[in-house]
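Here is a friendly briefing to read alongside the structure.

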Amino acid sequence: MCKKECELVEGQRGDCLSRMNIGGKLQTLVYGKPCAVHIDPIEKKPLFHYLPGSGSFSIATAGCNLHCRNCQNWEISQREPEATRNMDLPPQEIVDAAIKYNCRTIAYTYSEPTTFFEYMADTARLAHKKDILNVWVTAGFINPEPLDELCTFIDAATIDLKGMTEEFYRDVCFAELAPVLNTLKTTHKRGMWVEMSNLVVPTLNDKEEDIAKLVDWVYENLGPEVPLHFLRFWPMFQLRNLPPTPVETLTMAREIALSKGIHYVYIGNVPGHEGNNTYCPVDKKLLINRVGYSILEYNIEDGRCKFCGHKIPGRWS
Amino acid sequence: MPSIFKKEDIIFIGVILLALGLIGSITLENFRALSRPAQAPLPNIDVKKVMGRIEEAGLEPKEAKFYTVIER
């Protein structure tokens, strides 16, 4: 499933902790057993250009194929499924619940949905039959073959590009950069709606040249219209020794991205910052005014700026 | 015709050649060993115990997808 391509003896589980060799066959331990189930605003994913203001039925199971030292959901992502409290929720019940609670999307999120691929795939295909869309919130560390299949049932994704060096991925995340870049290019090419996030961690990936390298890659490979979210780090898990990202650093990152031509650049985890809002890249007018995950003002009509008519990329209804 | 080498010289050269051959083969073996991927010892897993924990937690293992890697 992922580049780690774990080879397992009988009774051994993969690096993700949720897939195991049982009787000589690879088996998933988490099918139908989510440990987190919530209804979130879609802005929380973060997806700012996709059905804004709608609810997203969000699920996760235990385990992850990355081991980021800063993980904010480590209590589920870095645990074996036996160690979490799990619900019994088969795919059809998720779809029924999403309809019941008026959610336009189902989000596979919090931990790493790649590790519960089978559960996600079955749920997503049932959801499509009921006109519910599917959102993949991911680190993008997946092999090309499953990614190819995933593109047939996922409609939108938030892909976290954690840094721009193999060293960062190796030392902080226990993964690799190249497959993530491939995921970003493939999903974008296949027409999936993609927004990107980057957690800015003090001293590890917060230098101007780190940000500039990331922005240059985005511009060259995905173009200027892919929304880019710079997220504030908060001391967590194994990086409690570091301070939260200074707001000035995030502002600097946003300014670099805007100056290099990216049109939609956001700042996350800093409520009230102007980087929470969407502005028209042509007339610079305020299109969506957000505070936290709430929308206070909305100036997009038929997918266009209400003032100058410029088409704003995304899915707005 | 008398040999230009004394018996001691021949023994000395023989020993040197033997030593060089030995060092060479050890070096070659070391090089080969370093070139091979490291092999972790197989984990010693009590499968019965692991399965017991999985059952106790109410998990129901299901066959997972297994992709054949195509040429990249």
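Two strands count as paired if DSSP finds at least two bridges between them. This is a predicted model, in which local features need pLDDT of at least 70, side-chain atom pairs count only at pLDDT 80 or more, and totals for chains, interfaces and linings use all residues. Residues are numbered from 1 along each chain as its sequence is written, while chains are lettered from A and ligands numbered from 1 in the order in which they are written.

- Two bridges join strand 11 of chain A to strand 12 (residues 286-291) of chain A, in the antiparallel sense.
- Look for Tyr279(A), whose bridge partner in strand 12 of chain A is Leu286(A).

**The eight-stranded sheet**

- Another open sheet in chain A has eight strands in the order 3-4-5-6-7-8-9-10, and its pairing is mixed.
- Its edge strands are strand 3 (36-41) and strand 10 (265-268) of chain A, each of which pairs on one side only.
- On average, neighbouring strands of this sheet are turned by 20 degrees against each other, direction ignored. For such angles, axes are lines fitted to C-alpha atoms (for helices, over the stretch in contact), and angles run from 0 to 180 degrees between N-to-C directions.
- As background, strands of a sheet pair through backbone hydrogen bonds, either parallel or antiparallel.
- Strand 3 and strand 4 of chain A run antiparallel and are joined by six bridges; Val37(A) has Ile59(A), in strand 4 of chain A, as its bridge partner.
- Strand 4 of chain A also pairs with strand 5 (residues 105-108) of chain A, this time in the parallel sense over four bridges. Ser58(A) has Ala107(A), in strand 5 of chain A, as its bridge partner.
- Is strand 4 of chain A largely enclosed or in the open? Five of the six residues of strand 4 (residues 55-60) of chain A are buried, so it is largely enclosed by the rest of the structure. A residue is buried if 20 or more other C-beta atoms lie within 10 Å of its own, exposed if 12 or fewer do, and partly exposed in between, with C-beta atoms placed from the backbone.
- Strand 8 (residues 193-200) and strand 9 (residues 228-232) of chain A pair in the parallel sense over five bridges, and Asn198(A) has Phe230(A), in strand 9 of chain A, as its bridge partner.
- Helix 6 (residues 178-189) of chain A lies across strand 7 (156-160) and strand 8 of chain A, running at about 160 degrees to strand 7 of chain A.

**Chain A as a whole**

- Chain A has eight helices and 15 strands.
- Its radius of gyration is 19 Å, close to the 20 Å that the globule rule gives for 317 residues, so chain A is as compact as a globular protein of that length. The radius is taken over C-alpha atoms, and the rule is 2.2 Å times the number of residues to the power 0.38.
- Along the principal axes, the C-alpha atoms of chain A fill a box of roughly 60 × 45 × 30 Å.
- Of the 317 residues in chain A, 50% are buried.

**Where chains A and B meet**

- The contact takes 24 residues from chain A and 20 residues from chain B. Two residues are in contact if their C-beta atoms, placed from the backbone, lie within 7 Å.
- On the side of chain A that touches chain B, the largest share, four residues, comes from strand 2 of chain A.
- Strand 2 of chain A pairs with strand 1 (residues 62-63) of chain B in the antiparallel sense over two bridges, and Gln27(A) stands opposite Glu63(B) in strand 1 of chain B.

**The helix of chain B**

- Helix 1 (residues 7-35) of chain B has 29 residues and reaches 42 Å from its first C-alpha to its last, close to the 42 Å expected at 1.5 Å a residue. The expected span is 1.5 Å times one less than the number of residues.
- How many of the 29 residues of helix 1 of chain B are buried? The number is zero, so helix 1 of chain B lies largely in the open.
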